[in-house]
Amino acid sequence: MDLRELGRRAGSLHELERSIPAPADWRVELIGVPEGAPIDLRLRLESVMEGVLVSGEVDAPVTGSCARCLEPIEETLELDVQELFAYEGSTTEATSEEDEVRRVEGDHLDLQPMVRDLVVLSLPLAPTCTEDCSGLCADCGQRLDELPADHAHEVTDPRWAGLAQRFGVGPGAPQADRPTPAPGTPGPDNPEEN
């Protein structure tokens, strides 16, 4: 952004509306701004004693996957920004660490690092498709929000699975028409049982 139109007189104001294509790296693991997607900037640049105050709104489309159910997510981040770019030799520049304040570079402002930081730091690390997304069923992998409220899977402790099967309880149990021998009676399953 060229600042020659704005000048250094305190109170000078310049409004900027622009759409810029997003670079490839504006993302976190599960969600991000697609490369080339339009980032809309509506900014006011105001000359103040210490530098240029940039304020306004940034809209960025994001796509990704829900961290709970893996459904696709598409939404637009609507972010407010207010940032001071300090003039070289100003008190703000002299009293601030290098990474604490942005700086005016000659007659130009580089807005991209400010917009990138604003957008990427606003991305959720664990995005969800809805606030109350229940995720996936641990047993069948289907979305819990699409299953009936009484959805459940019978789980037999593996240490008791053989016993449960023998006595007709749980998955893989003998059919109802198959006679079950009395406990302690030798049978075809275990002829040595006493």
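Where is Phe167 found? Keep in mind as you look that this is a predicted model. Phe167 lies in the segment that comes after α3 (161-166). Now check how much of Phe167 shows: its relative accessibility is 43%, so it counts as partly exposed, since that label covers the range between under 20% (buried) and over 50% (exposed). Together with Trp160 and Leu163, Phe167 forms a nonpolar patch on the surface, and the three share about 340 Å² of accessible area.

Next, move over to strand β4, which runs through residues 51-65 and holds Asp59. Asp59 has a relative accessibility of 14%, so this one counts as buried, the cut-off for that being under 20%. What does the side chain of Asp59 make a polar contact with? The partner is the side chain of Arg42, at 3.1 Å.

Go to helix α2 (residues 112-122) and pick out Leu118. Is Leu118 buried or exposed? With 18% relative accessibility, Leu118 counts as buried. Again leaving out neighbours within four places in sequence, Leu118 is in contact with Val58, Leu79, Asp80 and Val81. Leu79 and Leu118 sit 39 residues apart in sequence, with 7.7 Å between their C-alpha atoms.

Notes
Residues are numbered from 1 along each chain as its sequence is written. This is a predicted model: local features need pLDDT of at least 70, side-chain atom pairs count only at pLDDT 80 or more; totals for chains, interfaces and linings use all residues. Side-chain values use heavy atoms; hydrogens and water are left out. Helices (H or I, at least four residues) and strands (E, at least two) are DSSP runs, numbered from the N terminus. Buried means under 20% relative accessible area, exposed over 50%, partly exposed in between (1.4 Å probe, protein chains only). A polar contact is a pair of N or O atoms within 3.5 Å; within protein, one must be able to donate a hydrogen and the other to accept it, and residues adjacent in sequence count only if both atoms are side-chain atoms. Contact means heavy atoms within 4.5 Å. Patches are made of residues with over 30% relative accessible area and no salt bridge: like charges are joined within 9 Å, nonpolar side chains (Val, Leu, Ile, Met, Phe, Trp, Tyr) within 5 Å. Accessible areas come from the Shrake-Rupley method with a 1.4 Å probe; for residues, only the protein chains shown count as cover. A salt bridge is a side-chain nitrogen of Lys or Arg within 4 Å of a carboxyl oxygen of Asp or Glu.
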